[in-house]
Amino acid sequence: MIPEIGQFALIIALCLAIAQSTIPLWGAHTNNINWMSVGRTAAFGQFLFILVSYICLTYSFVVSDFSVLYVAGNSNTNLPFYYKISAVWGAHEGSLLLWVLTLAAWGFAVSIFSKSLPEDILARVLAVMGMISIGFLLFTLLTSNPFDRLFPAAVEGRDLNPLLQDPGLIIHPPLLYMGYVGFSVAFAFAVAALLTGKLDSAWVRWSRPWANAAWVFLTLGIALGSWWAYQELGWGGWWFWDPVENASFMPWLVGTALIHSLAVTEKRSAFKSWTVLLSIMAFSLSLLGTFLVRSGVLVSVHSFASDPARGLYILIFLAIVVGSSLSLYAWRATQFKSTGNFDVVSKETMLLINNVLLIVAMLTILIGTLYPLFLDALSLPKLSVGPPYFDAVFVPLMLPLILLMGIGPIAKWRKVTFKELFDKLKFIFLIAFALGIILPLAIYGNATIMTMIGIAAACWAILTSFYALARIVKKRDASTSLFKAISKIPVAMMGMAVAHIGIGVFILGVVFTSSFSTEKEIAVKFGEPVELAGYTFRLQNVTPVKGPNYDAARGHVYVTKNDEPVVVLYPEKRVYEVQRNPMTEASIQSTAFRDLYVALGEAVSQNEWGLRVYYRPFVQWIWMGTLLMAIGGILGAMDKRYRPQKSKVTVSSKSSLVVDKI
Amino acid sequence: MVRALFPIVFFIVLAGFLYAGLYKDPSLVPSPLIGKPVPTFAASALRDPERLVTNKELLGDYALVNVWATWCVACKQEHAALVYLANEKNIPIYGLNYKDDREAAILWLQQYGDPYVFSVFDDTGRIGIDFGVYGAPETFLIDKQGIIRHKLVGIMTPEIWEAQFVSIMKNQAIASTQ
C-alpha cells in the first residue's frame with residue numbers, strides 16, 4: 001500500500017509540474033496576475049507530493065519491504081538503520097527520486113524567498129523549473145520507477161553496495177545534488193531574462209545569491225566525494241580524474257566563472273549575454289553529468305547500472321533543454337546591451353581572463369573525459385585518457401588564474417595602471433616567492449621547481465586576500481577601533497577573501513601531498529617493523545571481527561616514532577555477508593600536518609599479511625580549503641544587498657567603495 | 001548574431017557524439033594479442049601434476065583456450081556450452097585454470113564433465129598475465145599456426161560460437177585459398 005501511495009504522489013506531482021510550467025507562463029504572457037500566482041502554489045504542492053513519495057520509499061527501506069524491487073536490490077534486514085535511510089539514494093531509481101525532490105525543494109525555496117521579485121519574472125522562473133521537473137518526473141515514472149513491485153517478494157534483500165556503506169556517502173549525494181540541481185535556478189533566471197529580453201542589475205541581484213548557494217553545495221558535495229574516496233577506496237588518493245568526478249567538476253568550474261561574471265554584470269552592467277550563457281552552461285553541464293553517470297557511455301567506478309533506454313531518454317531531454325535554451329540564446333542574446341565600458345587594464349579585464357581560463361579548463365576536461373567516446377564513435381583505436389593528461393593541461397591553466405586572483409580584488413573597475421598594481425603588490429609577490437622556496441626546504445629539505453611554484457602560488461593567494469581586507473581596515477577614521485573596522489568589512493568582501501584563502505589552503509594541501517607523500521606496499525610478518533617518514537609501523541596481530549552485516553579481519557598496527565608510541569591503527573578487510581566482495585577499510589590518523597594511513601592487504605600466510613602504509617603530509621588542508629571556499633560562498637550570498645528591503649539603499653551607497661568585491 | 005550561434009552548434013555536435021556513444025560498449029577493449037602468437041608457457045597440467053605442458057602443444061588445428069576457475073560463477077554458467085562444443089563441434093579446447101586450487105578444480109571437472117584436452121594449472125596467475133586476462137571466463141581462438149585470432153570476454157554460448165568464432169574461421173579459410 002505504502003509504495004502505491006508513493007507512486008501516486010509522484011504522479012500528482014507530475015500533474016502539478018505540468019500546471020506549474022504552463023499556467024504561470026501564460027499568465028505572464030497575458031499579464032494575468034491570478035494565473036501567474038499559480039506558480040507559487042504549484043511549486044509548494046509539487047514539493048509536498050514528491051516529499052510524500054520520498055518518505056514512502058524511505059519507509060519501505062526502514063521496514064525492509066522486499067516486495068519492492070528497488071528495496072530488495074539495495075537493502076538487507078541486517079543493514080544498520082542509518083544506512084537503510086541512505087540506501088534510498090544508493091542506486092539509480094532512488095537517487096533519481098532524490099534528484100526530483102531536490103529540484104522541487106529549490107523551486108519551493110525560490111517561490112518563498114523571492115517576495116521582492118516582480119510577479120511576471122517569478123512566474124517565468126517557476127515555469128522553467130516546472131518544465132525541468134516534468135522531464136525528470138517522467139524519466140522516473142517511465143524508465144526508473146523505484147516503486148515497482150517484486151512478486152513474489154524476496155525473502156532477503158541483496159544489500160547496499162558495501163562501497164556506499166560509509167558515513168561520507170550518507171551526505172555526499174544529497175549535497176552534490178543540491179549543487180547540481182541548484183544551478184537550475186540560475187538557469188531558470190537566465191531563460192526568463194531571455195524570454196523577456198530584460199536583463200538589468202536587479203535581475204542580477206535576484207539571481208546571484210542562488211548561483212552562490214548552488215556553488216556552495218556543489219563545492220561541499222565534491223569535497224565530500226573526494227574525502228570519501230580517500231577514506232574508502234584504500235589507495236590514499238583523493239582525486240582520480242574519474243569521468244564522474246569530472247562530470248561534477250565541470251559545472252563547478254563554470255559555476256565559479258558564473259559567480260564572478262555575475263559580479264561584473266551587477267556592478268558594471270557588462271558581460272550580460274556572457275553571464276546568461278554561463279547560467280545555461282552550468283546547468284547544462286549538470287545535466288550532462290547526469291547523462292554520463294546513468295547512460296553507461298563511459299567506464300567509471302560510479303556508473304549506475306547502465307541502460308541505453310535510460311541513456312536515450314536523458315539525451316533527448318538534454319537535447320530539448322539545452323537545445324531550446326541555446327537556441328533562445330542565439331535568438332535573443334544580442335538584445336542585451338552591455339553598457340559598462342572598461343579599459344584594457346581593469347578589474348573587468350581580469351575577471352574576463354578569469355572566466356576565459358575557467359572555461360578553457362572546463363573544455364580541456366570535457367575533451368579529456370569524452371575523448372574515448374569520440375574515438376569510439378569515429379571507429380578509431382581506443383585509448384583511455386588518464387591523470388597525466390589532466391595534470392599536464394590543468395595545472396598550467398591554474399597558475400595564471402591564481403596570479404590574477406591576487407591582483408583582481410585590489411584592481412579598480414574601469415581603469416587601473418600596471419604601475420599602481422605593481423607598487424601595491426610587489427612586496428607580497430616577493431614574500432610569496434620567498435616562502436615558496438623556503439617553506440618546502442625548511443620542512444622537507446628538498447623540493448622541485450614545480451613544488452616551489454605551487455607553494456608560492458598558494459602563499460600569494462592567501463597573502464593577497466589578507467592584504468585586500470587590510471586595505472579596507474586601514475582606511476578607517478582615527479576614531480574607529482581596529483575591531484570595529486574589521487567587523488565593518490562588507491560581508492561579501494569577507495566572503496571573497498575567505499574563499500580565496502580557501503583556494504590557497506587547498507593548493508598548499510595539494511602541493512605538499514603530491515610532492516612529499518611516501519608509501520610502502522609490502523608483506524610483513526607479525527611484529528616486523530616498517531619504516532616510513534620517520535614512523536615505525538608494526539602489524540602485531542590480525543583478529544577476526546564481526547560487524548552488523550559483515551565479517552572482518554582487523555589488523556592491529558602499532559605506530560611509533562623514536563620509540564615513543566603514536567597511535568594504534570585498526571585497518572580492516574571486510575567481507576559483507578550478502579555481496580561477498582572484500583572491502584578495504586583503511587585506518588587513518590589525521591593531524592593538522594600529516595595523515596598516517598594504513599590499509600590491510602591480503603593474507604600471505606597465517607602470520608604474514610600484505611600492508612599498505614601511506615604518509616600523507618598536509619592532506620587534510622585539501623578539505624579544509626574547500627570548507628573555507630564554501631564558507632566564503634555562503635558569506636557572499638548573505639550580503640545584505642540581496643535582502644529585499646534594503647536593496648535600494650545599498651545599491652547607491654556601495655559605489656563609493658574603492659575596493660569592491662567580486 | 002553569428003557568435004551567438006556558436007554554443008548551439010557546439011552542443012549539436014556534442015549531442016551527436018553522445019548519441020553514438022549510447023550504442024557502443026565502453027568496456028569492450030580489443031585484445032592487443034590478436035594477430036600475435038600464443039604467449040609461451042611451460043606449466044604442469046591440472047589433472048597430472050607430473051606432466052609439463054607448453055604452448056607448443058596447442059599447435060596443429062584451430063583450438064580454443066578457455067580461462068576458467070572454480071571461484072568464477074560465470075564459468076559454471078558457460079561450462080555446459082564448452083562441453084557441447086568439445087563433443088558436438090569437435091573443436092579442441094585447452095583450459096587455463098586460473099588462480100585456482102588444484103583439488104577443487106579436479107573435483108569440479110569430475111562433477112561437471114571435462115571438455116578440455118588438458119588444463120594448464122596457473123595457480124599464481126603468471127600465465128594469465130601473459131594472456132592479458134582481466135577476468136574469467138575468457139576464451140581465445142587460435143589458428144593452426146598458434147596465432148590468436150579472437151578473444152571473447154564473458155560467457156561462451158553456442159550462439160556466440162556460431163556468430164563470432166565460426167565466421168572468423170570461415171573468413172580465414174577463404175583468405176588462405178585465394
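These legends accompany close-up views of a predicted model.

**Figure 1. An open sheet of four strands in chain A.** Let's start with 4 strands of chain A, which line up in the order S1-S10-S9-S8 and form an open sheet. The pairing here is antiparallel. Strand S1 (518-525) and strand S8 (587-590) stand at the edges with a single partner strand each, so one side of each has no neighbour in the sheet. From one strand to the next, the twist averages 15°.

**Figure 2. Where S8 meets S9 in chain A.** Now look at one pair from that sheet. Strand S9 covers residues 594-605 of chain A, and 4 bridges join S8(A) to S9(A). The two run antiparallel. Which residue of S9(A) stands opposite A:Ser590? Look for A:Asp595.

Figure 3. Strand S6 (residues 572-576) pairs with S7(A) in the antiparallel sense, over 4 bridges.

Figure 4. Which residues of strand S7 (residues 582-585) belong to the covered face, and which to the uncovered one? A:Met583 and A:Glu585 make up the covered face, while A:Pro582 and A:Thr584 make up the uncovered one.

**Figure 5. Helix H7 of chain A, largely enclosed.** Helix H7 (residues 119-143) of chain A has 25 residues. From its first C-alpha to its last, H7(A) reaches 36 Å, close to the 36 Å expected at 1.5 Å a residue. Of its 25 residues, 20 are buried, so the rest of the structure largely encloses H7(A). As you follow the helix, remember that an α-helix has 3.6 residues a turn, so residues three or four places apart point the same way.

**Figure 6. The fold of chain B.** Chain B has 5 helices and 7 strands, in the pattern α-β-β-β-α-β-α-β-α-β-β-α along the sequence. Its C-alpha trace spans about 80 × 45 × 30 Å along the principal axes. The radius of gyration of chain B is 21 Å, whereas a compact globule of 178 residues would have one near 16 Å. Buried residues make up 31% of the chain.

Key. Residues numbered from 1 in each chain as written. Chains lettered and ligands numbered in written order. Predicted model: local features only at pLDDT ≥ 70, side-chain atom pairs only at ≥ 80, totals over all residues. Pairing = 2+ DSSP bridges. Axes fitted to C-alpha atoms, helices over the stretch in contact; angles between N-to-C directions. Buried ≥ 20, exposed ≤ 12 C-beta atoms within 10 Å, placed from the backbone. Rg over C-alpha atoms; globule rule 2.2 N^0.38 Å. Expected span 1.5 Å × (residues − 1).
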